[in-house]
Amino acid sequence: MSVNKDFFKERDFNYDFQSVGRPPVEWESASRIPEQLVPTHCCFCGVQCGMNIKVQEGRVIGVEARDFPHNRGSLCPKGVVAYQQVEHPDRLRYPMMRRGKGQPLQRVSWDEALSYIVQRWQELQDRYGRNSIALYSGSSMTNEKCYAMGKFARAVLGTRHVDYNGRLCMSSAAVSYAQALGIDRCPFPMTDIPLTKCLLVVGSNMGECFPVMMQWVWRARDNGAALIVLDPRETPLARTADLWLPVRPGTDIAVLNAILRQIIHDGLVDEEYVRNRTHGWEEVKALVEEYTPERAQELSGVPASRILAAARLYGRADPSMILHARGIEHSTHGVNTCLACINLALARGQLGKPGGGSGMITGQGNGQGGREMGQKANQLPGYRHIDVPEHRQYTASVWGIPVDELPWEGAAAPEMIHLMAKGEIKSCMVACSNLMVSLPDNRVVQQALNNLELLIVVDFFLSETAELADVVLPCSVWVEDEGTTTNLEGRVIKTNKAADPPGEAKHDWVILVELARRLGKEQIFSYASPLDIWNELRLATKGGIADYSGITWEKIDRQGGVFWPCPTEDHPGTPRLHTERFGHPDGKARMFPIPFQPPVEEPGENFPFRLTTGRVVYHYLSGTQTRRIGFLNSQAPEPWVEIHPQAASKLGITHNEVVRLRTPRGSMQLKALLAPSIRPDTLFVPYHYGHEQAINQLTVQAVEPTVKIPEFKACVARIEKLDTPEKPLEGGYKVNYTAKDSPKMFPYTVGETKPEGDQHAKAY
Ligand SMILES: Nc1nc2c(c(=O)[nH]1)N[C@H]1C(S)=C(S)[C@@H](COP(=O)(O)OP(=O)(O)OC[C@H]3O[C@@H](n4cnc5c(=O)[nH]c(N)nc54)[C@H](O)[C@@H]3O)O[C@H]1N2
Ligand SMILES: Nc1nc2c(c(=O)[nH]1)N[C@H]1C(S)=C(S)[C@@H](COP(=O)(O)OP(=O)(O)OC[C@H]3O[C@@H](n4cnc5c(=O)[nH]c(N)nc54)[C@H](O)[C@@H]3O)O[C@H]1N2
Ligand code: SF4
Ligand SMILES: [Mo]
């Protein structure tokens with residue numbers, strides 16, 4: 001690797017903390033020529049771009065893009081400044097504890113912090129049972145850490161309650177692929193995109209959320225591919241599309257069914273494929289007949305003419321590809337909407353074909369690996385199921401515990417909130433999530449967290465959740481770690497260590513190892529390095545759907561990543577799935593008839609808008625990382641509400657005016673951004689901000705009844721000028737489901753804890 005040293009000499013490596021009100025950092029005047037380039041991957045989104053970290057005298061001083069097969073030397077605005085977290089003055093450097101509720105957090109030694117945790121955990125478990133402790137984990141961690149989290153909860157603590165933030169992200173997509181195709185993974189690599197003749201993007205702001213993936217879309221366009229975008233907002237991607245379908249939030253099923261109906265009427269179904277490779281077609285065919293373009297227009301707000309045009313563009317192209325993301329997955333019928341996408345791709349005979357198919361765009365850096373490593377409430381490593389006897393037996397044998405000590409399925413992340421509020425969960429350890437910002441209806445979340453006897457947060461910054469903790473444990477950032485992640489393609493890649501954690505901060509896995517030792521479980525939980533954990537997780541996933549057993553770190557380096565499943569060391573990995581057979585035992589895909597379902601809340605007189613929430617290019621998730629980086633924060637220092645100029649003018653609202661946004665949960669103030677690119681009946685707010693700027697103060701807590709993913713993309717709202725008096729509003733909108741009809745959909749307030757060992761419907 002060659003470095004232009006003169007270039008680096010002249011560069012001013014100003015970390016720009018001043019612009020976010022941080023104390024200035026003094027830099028020595030010495031030249032900042034990197035001594036070493038450490039190859040790794042970006043810590044943010046699921047693309048996981050390859051990058052080289054520049055290191056000088058053990059300190060991280062910069063970054064450059066790396067030419068890796070899927071990013072080909074590109075990075076987005078977040079990737080190029082991600083390294084500025086490393087020496088950030090806000091980094092947590094030592095453990096902190098409160099000497100009683102209401103007391104401030106104070107520095108303590110590791111010994112004091114860990115002894116206290118262990119003593120309290122033992123007391124709580126003695127008094128209230130082993131399930132009184134929960135572990136809430138995340139997918140920004142390496143596979144090794146995610147694996148350690150799941151095993152620590154179940155084998156060391158013996159609690160059934162372990163779940164992770166992927167529950168809020170795309171658990172609906174995961175389950176739909178498992179149900180329909182037998183494998184929860186995007187079925188093709190990004191490099192397949194340029195092979196397609198038509199790309200249908202459903203509910204993804206790809207240009208802002210996966211910027212580096214766009215190069216593959218541009219290549220497809222250069223090759224003549226059509227582009228159709230289904231989104232309530234004319235996103236940067238939609239602006240370049242042949243066809244934008246401006247859907248009313250939460251109503252995509254109507255459009256997808258109508259497209260399929262038209263494909264049938266135009267004789268474009270791949271009958272042979274459907275006959276040989278799928279089950280369930282006749283039911284699907286009969287159901288979609290009701291969805292004429294006119295009816296779909298009524299339900300979704302998309303003009304019938306555009307639905308027809310989409311059906312013809314998509315239906316005549318071969319190969320054709322669907323990519324979908326949170327726009328349809330963050331929904332009380334998210335599983336079904338994904339299944340409706342898969343139906344389309346199956347009817348056109350596309351899955352398994354180069355340039356064809358349907359796939360989810362996984363969001364978090366290790367969103368794919370994080371859901372395979374056994375930190376999900378119902379899963380064991382390698383996608384084994386916690387309620388299948390042989391799966392339990394295998395995992396217990398790898399972990400060295402008797403199978404009857406392996407807990408059964410626990411609560412999903414939003415359900416944990418209910419159990420905390422109810423007092424069933426007494427202590428929660430949060431590692432790698434900022435749930436005070438990311439869970440819906442977060443005032444209830446705060447009450448639940450305050451109800452805990454012991455809240456522990458492991459983070460490298462004092463997140464909004466860490467601010468509430470009784471104990472805060474400092475951990476490493478990604479360039480201080482070694483391990484693997486699995487990107488949105490299912491490609492397992494390697495991250496490498498460029499620096500040591502600052503102060504007394506420790507790696508997450510080291511913290512778990514030390515806790516396990518104090519809990520007397522070193523026999524089953526002692527590792528000397530991430531490689532130790534990796535070798536165990538390879539064995540733990542062996543024979544599972546997500547089989548990593550044939551992947552070695554050396555092979556990852558040699559091949560530019562390895563796609564799972566990879567069952568043996570001489571196996572090259574599997575970039576494209578379903579070429580001959582699907583993942584079900586009979587090799588066939590399942591199609592499911594998907595009737596239209598509306599979102600839980602339906603606008604009415606008091607709340608005439610639909611509010612949808614999501615992202616902007618400059619911030620990442622709950623924003624604790626990106627709000628601390630000067631350049632990113634200066635681009636988007638506060639949230640805003642996007643409103644169509646027509647709707648704004650009816651309300652007398654002008655651009656940049658501070659307005660009051662209200663939903664049935666409460667209200668907040670923020671600036672109005674007049675945007676002709678959004679549907680006039682829809683509002684959009686980015687969710688990357690905390691405290692009184694958090695939109696999750698106002699979102700609805702309803703979840704998909706089986707997988708518990710929240711309805712982040714649709715609730716009712718009202719927007720007011722500040723000079724109108726704020727009066728409490730009762731009703732004035734419709735509720736399509738009631739808590740009584742569907743207790744499984746309102747996790748914070750209703751719902752019984754499932755008895756342990758109670759088996760659930762297999763698919764989730
Ligand atoms: N810059 C940035 N990039 C990120 C992230 C980030 O925080 N910031 N996070 C990463 C993660 S974890 C994730 S999950 C992904 C998310 O990636 P995306 O899913 O692409 O992002 P979102 O902004 O959540 O929502 C996508 C789009 O859905 C649209 N939408 C809203 N409601 C509906 C609907 O009912 N139907 C349809 N069809 N569309 C709808 C919104 O207008 C928005 O354009 O991004 C990843 N990349
Ligand atoms: N309204 C609304 N809400 C949403 C969404 C939406 O679109 N709208 N999107 C949802 C989605 S898709 C997602 S993925 C969630 C994500 O929401 P969260 O789970 O809150 O995700 P992050 O903000 O990434 O929180 C991760 C925290 O862990 C820390 N961290 C990062 N790496 C590590 C590590 O290796 N170890 C440890 N211990 N800590 C680490 C970070 O500093 C940060 O504080 O938000 C969801 N919430
Ligand atoms: S596209 Fe994603 S992985 Fe690549 S640099 Fe940007 S945030 Fe990082
Ligand atoms: Mo996500």
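How many nonpolar, polar and charged residues does the shell around ligand 3 have? In this predicted model, local features require pLDDT of at least 70 and side-chain atom pairs count only at pLDDT 80 or more, whereas totals for chains, interfaces and linings use all residues. Residues are numbered from 1 along each chain as its sequence is written, chains are lettered from A and ligands numbered from 1 in the order in which they are written, and side-chain values use heavy atoms, with hydrogens and water left out.

By class, the shell of ligand 3 comprises eight nonpolar, two polar and one charged residues (Ala, Val, Leu, Ile, Met, Phe, Trp, Tyr, Cys and Pro count as nonpolar, Asp, Glu, Lys and Arg as charged, and the others, Gly among them, as polar). Ligand 3 is surrounded by Cys42, Phe44, Cys45, Gln48, Cys49, Leu75, Cys76, Lys78, Gly79, Pro211 and Val212, a residue being near a molecule if one of its heavy atoms lies within 4 Å of it.

Helix H3 spans residues 143-157; helices are DSSP runs (H or I) of at least four residues, numbered from the N terminus. Asn143 of H3 is buried, with a relative accessible area of 0% (buried means under 20%, with a 1.4 Å probe and protein chains only). Beyond residues up to four places away in sequence, Asn143 touches Asn366, Gly369, Gly370, Met373, Thr484, Thr485, Thr486, Val492, Leu537 and Tyr548, contact meaning heavy atoms within 4.5 Å. The C-alpha atoms of Asn143 and Arg371 are 9.3 Å apart, although 228 residues separate the two in sequence.

H3 packs with helix H20 (residues 508-518) at an angle of about 20 degrees, the axes being 9 Å apart. Axes are lines fitted to C-alpha atoms over the stretch in contact, and angles run from 0 to 180 degrees between N-to-C directions. H3 is therefore roughly parallel to H20 (an angle under 35 degrees). Lys145, Ala148, Met149, Phe152 and Val156 of H3 form the contact with Asp508, Leu512, Leu515 and Ala516 of H20. This contact has seven nonpolar, no polar and two charged residues.

The axes of helix H16 (residues 389-399) and helix H21 (residues 530-541) come within 9 Å and cross at roughly 160 degrees. H16 is thus roughly antiparallel to H21 (an angle over 145 degrees). Tyr394, Val398 and Trp399 in H16 meet Glu536, Leu539 and Ala540 in H21, a set of five nonpolar, no polar and one charged residues. Thr395, also found in H16, counts as buried at 2% relative accessibility. Apart from neighbours within four places in sequence, Thr395 is in contact with Leu380, Pro381 and Arg384.

Notes: Helix = DSSP H or I, 4+ residues; strand = E, 2+ residues; numbered from the N terminus. Parallel < 35°, antiparallel > 145°, perpendicular 65-115°, else oblique. Buried < 20%, exposed > 50% of the residue type's maximum accessible area, 1.4 Å probe, protein only.
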